[in-house]
Structure formats: structure tokens, C-alpha cells
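Student: I am new to reading metal sites in a protein model. Could you walk me through them?

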Amino acid sequence: MEMEMRSISDRDIGTDITPPLTPFSFSLHNTHLHTHCSSCFSLITPIIPTTNHSHSTFYCSPHCSTSHSPIHLSSAERHLPSSINSSLLRTALRLLLLHHTTSLFPRINHLLTNRLLLTCQNDDVNETIRLGAHAMATAIANHRGGGSGGFSEPYDNAVLEKSTDALCAVLTNAVEVHDNEGCAVGIAVFEPAFSWINHSCSPNACYRFSFSSSSLLSQESKFLIAPFTRNSQQPQIDCGVSGSSSEFAQGVLLLRFIFVNGKFQYEPQFVVFQECLQLRPITSSLIMGWRICGPRLIVRSIKRIKKGEEVTVAYTDLLQPKALRQSELWSKYRFLCCCKRCTSLPFTYVDHALQEISVLYGDSSGLRTNYKFFRDMADRRLTDSIEDAISEYLSVGDSLSCCEKLEKILTEGLDEQLEENEEKSHYKFILHPLHHLSLNSYTTLASAYKVRACDLSSGDFEIDSNQSESKAFDLSRTSTAYFLLLASGVHHLFNSESSLIASVANFWVGAGESLLTLTKSSGWSSKFVNFDLVLSNIASDTKFECSKCSLMDRFRDSILNGKIKSEDFENVSNEFIHCVSDITHKVWNFLVYGCHFLKSCKDPISFSWLMSIKNSVDVGANDIKTDMCYTHEPENSIGVSDELAYTDHTVAHILQLGRHCLTYGGLLAFVCYGPNSHLVSHVQNILARENNFLFSL
Ligand SMILES: [Zn+2]
Ligand SMILES: [Zn+2]
Ligand SMILES: [Zn+2]
């Protein structure tokens, strides 16, 4: 049975379309077991694990401990061998526990699974499931037998079957839970209202996590989506349960949610985890003071959604080209995506840009016949070199060598001697500036340059401090330029694919922060003699508001009103891009000073220099035109006189640019994550600090 969720009314962008949903089952990743609370996922003082405790659970409060430890103690997870004790198996065992406890529900809590497809091939996935289910079944048998793990109790086939079912349900339905900093701390399986939402590579909704432990009774927001099956044309009445435990007993509060009269309703029930499992109705006095454990999830619209339209979210990174998305979706979930973006022919502009490799020179007539072969070959080699450089940086930490390697690949591309018809031809393949590997490189370069700048200014080198300050300044402005290029590059793609909004939000905030940090660098006075004078003028000279756009007002209004209309959002986006383009023209040469690759990016905001590529989109892969090659200007196009490209207004411009980027990032974050989200408050805090900074000058 194929399920989908549809909107029950017309919705504008930036609307929460579900209340906070509770997980059926969840678990921290092993790497976070000693740093986060196993119940609410909040940070705790790290606990140094002893061998006995390597997979234990820790809690932030007695409250979390009483809520969650019954699940931990009853689910048999303590009997998993430590070599295979993973978040995946713990989540599956906890899901199974809930299922056992409420055997009145036929399928595992009405979750759909891809068990048949997941286990039909002899591959890694199948092997993981086979071994995992065996370990689960053994653990359950040991748990029941009261064994302390010395030797394994035998298990019967029914237990193995249920274990396999639970494991497949987790593989099909679990989502990574990200903390406020965006770090993946664990996984969770949510109730069907979320799990039935299908994937699209151009989704109209996104989701966020909430870690606050508000009480059960505060769930006021409504479901604005309803289940739908293609077979019956009728919304199905379906129910599920979700777990949470009491302060009083080894029990769990189950929220049975039912779909009646076009609405989801919760029906709380109480389950006691004992040998004979009992289910009894719960009185409201018992609910008082109870808290649901686990992270909550809220679905929010990022596009306008019409009544009856299917609501979709992304199961994969949308900044990947089609082939990578499809292979990830297949290996993880066993389906081929047939969304509009995936079925578009020719490829959508975004998918074209994300995978485009240009032939900088060489005889393209030879390439014409074998274009796909050569392009794939070039793609493989470029992918390998870039991934090698990035993973070497992550393991060895040599930021200088990483910057050099990546910039060499970005600037020079791949030189190849190719043999065709017994003749050797020389080709040069270069990544499109918005190729997904280029975008990954910008992210790494922005952080590697930042690390180099910090190392230099914090290190106690025996060199002239003025000189090292000046060098650190150069490194941080290069880092800033990469942040800006990344944000504006992805924004350029966002113009054609509005579901990239969450990525763009993060990148603009990153660029804004980096620009504002640059304005406060101590390196200015070491480089520019008149800097102190400039700084003293800024306070009076630069008003916090921009006279040319309403961005700041719009941001403030949206947070106050808790909503923004899509027309207003479009208007303010246009104003923003005008302002940012204006200011960037004035400072780009200054920011890219000293970086050969960045100098080749003529205009990071309008990307007009990419137009020749855009025009060739419809040409199709079999017909290469020479205009697919974009030109790199000769090195000396920026004269020596521009060496520093510095004027008395440079700092003020960078400050203005930084505020624009940050505020716009905040507005996008508001649309994706809501007014109370971590990213929005982060932006608000920086803006408030900025204000104080200016007043204190
Ligand atoms: Zn906690
Ligand atoms: Zn798709
Ligand atoms: Zn403006």
C-alpha cells in the first residue's frame, strides 16, 4: 500500500503543518552516548566511559532518567554484543518493545517497510539486516532467560522474524536527528504522520527538531495534513502509538493517535512494562507533569501548498546531482525517485550546473561521439582528487596543503591525454563553478583558510607580530570570499529551485558572520595606516538600517507576526540581491586579493559570466558547443595598482554587506525553521551585538 500525506488546506510558505511529533523509538549514535542525554538529547558534561559503560545511557536529569530508563532496561539492548551495539539496533529493539507492548496494533505501529526490497539482493544491506536481526533475537532470548551474556540462549524463528521486521522498519523510516549546531547526534523513527510523508528532490516542506521538554498537554498546533492512499481515494483511518514514560512506574505513556472526522486526535493510554504487559486507560491527573521523552519533530512548509496537494520532504542532500541522489535513495531506501526534478528532460538547470564539467581546450569534434564516456571519466577522476584532498585534510589537518590542492584542481582542472583512433589528443577538463564538487571545495576552503588565520594569530611565533597579523588578515579575507562565493553560488541555484532554501539560509548566515568578523579584525590597522580614522567614522557614517531595502524591517516583522507572505518574501529577496550585488562590486576585488582562483570568478552575485553555460543547457549532452567553455581571464587582468583594492569606505561596505547577508540568512531560516529556531535566535543575537559594538565606538 502506498501512503502519502496531503495538505488539508491552502498554506503559505513558512507554516508549521504538524504539531511537534513524538518518536516511536530513538537512540543516540555511539559517538554521542557520553556527551548527550539519552532521553532528551541535550548536552551533558561528558562522561569518560569505562569498558563496562561503553554503551550505557546517561541522562541530564532525574526526570529524563525516570522517563527513559524503563525503555532502556526492558528492550534487551544491554544484551547486544558491544561490537554490534549500534544506534540502529537499539532503535529497532526499542521499537520492538513498543510493538510487543501494544500487540493490538497489527503491523509495527503502522510503519511501512521496504523489507522485501531491502533483503532481495545479496549485498551489504542484506548482510547488515541478517547479522543485526540475529544479534537482536539473541539479545531478546538472553534478556528473557535472564542470562548475563555468558553464552547465548537459543531463539525461535518468530523472534527472528519480528527482529527483521523491526530492523527494516527502522531502516525505512528512521531520520537522522541533528542538534542545534547541525551535528547528527542520533536517529529516530516518528509516528506515521511524518513517516508517511514521501520524498521529493524538489520538496515543498522541511522539518526541524525540538528538544524542549514541554509537557504533553501543550500540543496546541494542529495537523494540517492527512493520510491518503491511491487505492481507496479516501483518507484512511489509521492509528499508531508513541511512547513516553511516566515518572511513577516502569511504564510508558502511549499516545495512540487516530484519524477521525478529518482530524488527527491523540488518545493517551498507559502501558506498564512488566512480565505480563498490561494496557490501561489513563486519567488526566496522571498525565499532568509527565513528559514525553525523545526529540520532537515539526514539519513546515517551504513553498505554497494548495489544498489536496501532496506534502513532500527531502530524504537526501538536494545539492547533489541527479545520479548521486538516485544512487543514495536506492541504496538506503530501495526506490527510484520519479519526482518532477528527476524526470525533467533535458535536466533542470540546477542538475545541469551541479554536474557540469567543461572542456577548456582540445579538439571537441573528437569528444562529440564519446562525450558521455569522457565526461564520466573526468568526473570520476576529479571526484577522486577532491575527495582525497578533503579527507586528507580531515584526518591529517594540514590546511595549507589542502588549500593548495583544491585551488589547483579548481583552477587547472584535469589534464588528460586521450587516445582516439590511434591519435593522441590533449584535453583539459574543468569543473563548472557550481558543480557540486566545486561547492564542496568552497566549503572546505572557507573553513581551511579560517583555521590557518586562527593558527597564525593565536600562535606564538617568533616573527614580527605586525607581519603575522597582516598575513592572518589576508587569510581571513580569503576565507570570507569563499563563504560569500558559496552563499551566492547556491543562491543562484536557489533562484531556479526554491527547495534549496535551508542550505541557502545556512550559507548566507555563514557569509554574514564571516564578513562581520572580518570588519573587527585587528589586521586592518597593521595594513592600512588610516584605519583608526575610518573606524571612528563608521559609527556615525553607517546606519544600521539600509535605505535601499526593507530587509531589516521584514525580518523584524516576520518574527513579531510569526509569518511572512510569499509575495513579501519575493520582493524582499529581489531588493536584497540588488543591494548585495551593489556592495559586492565595491569590495570583491579587495576580498579576492591574493587568491588566483577567486580572481577568476568575475561577479559572484549575478553570475552573468556563467550565462554562456546557462544557454547551453538545452543543448543536451550529445551536442557540445564551444560556448560551454567559460573563459578564464588572463592572470594580470587585475592590475598591480589594485593590489589591495582598499578605499576608506571598504570597511563600511563590508559591514553593510555582512549585515545584509546575515539578516537575509535569518529571514530564510525563519521560513524553514520558524521564529523560535536556533538559527534565527543566533542571527538575532549577532545583530544585537553588532548594534552594541557600533554604539560603543
Ligand atoms: Zn535529558
Ligand atoms: Zn527526485
Ligand atoms: Zn539594503
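Tutor: Gladly! Keep in mind that this is a predicted model. Let us begin with a residue: Cys342 has a relative accessible area of 3%, so it is buried, the cut-off being under 20%.

Student: Which protein donors does the zinc ion (ligand 2) have?

Tutor: To read a metal site, look for the atoms that hold the metal. Here the zinc ion (ligand 2) has the SG atoms of Cys201, Cys337, Cys339 and Cys342 as its protein donors, at 2.2 to 2.3 Å.

Student: What arrangement do the four donor atoms make around the zinc ion (ligand 2)?

Tutor: For that, check the angles. They run from 101 to 118° at the zinc ion (ligand 2), so the arrangement is tetrahedral; the rule asks for all angles between 85 and 135 degrees.

Student: And which residues coordinate the zinc ion (ligand 1)?

Tutor: Cys37, Cys40, Cys60 and Cys64 coordinate the zinc ion (ligand 1) through their SG atoms, at 2.3 Å. Their spacing in sequence is C-x2-C-x19-C-x3-C. The donor atoms subtend angles of 104 to 115°, and therefore this arrangement is tetrahedral.

Student: Is Cys37 buried or exposed?

Tutor: Cys37 is buried, with 0% relative accessible area. Cys40 counts as buried as well, at 10%.

How values were computed:
Residues numbered from 1 in each chain as written. Chains lettered and ligands numbered in written order. Predicted model: local features only at pLDDT ≥ 70, side-chain atom pairs only at ≥ 80, totals over all residues. Heavy atoms only, no water. Donors = N, O, S within 2.8 Å, 3.2 Å for Na, K, Ca; no water. Tetrahedral: all angles 85-135°; square planar, octahedral: opposite > 155°, others 65-115°. Buried < 20%, exposed > 50% of the residue type's maximum accessible area, 1.4 Å probe, protein only.
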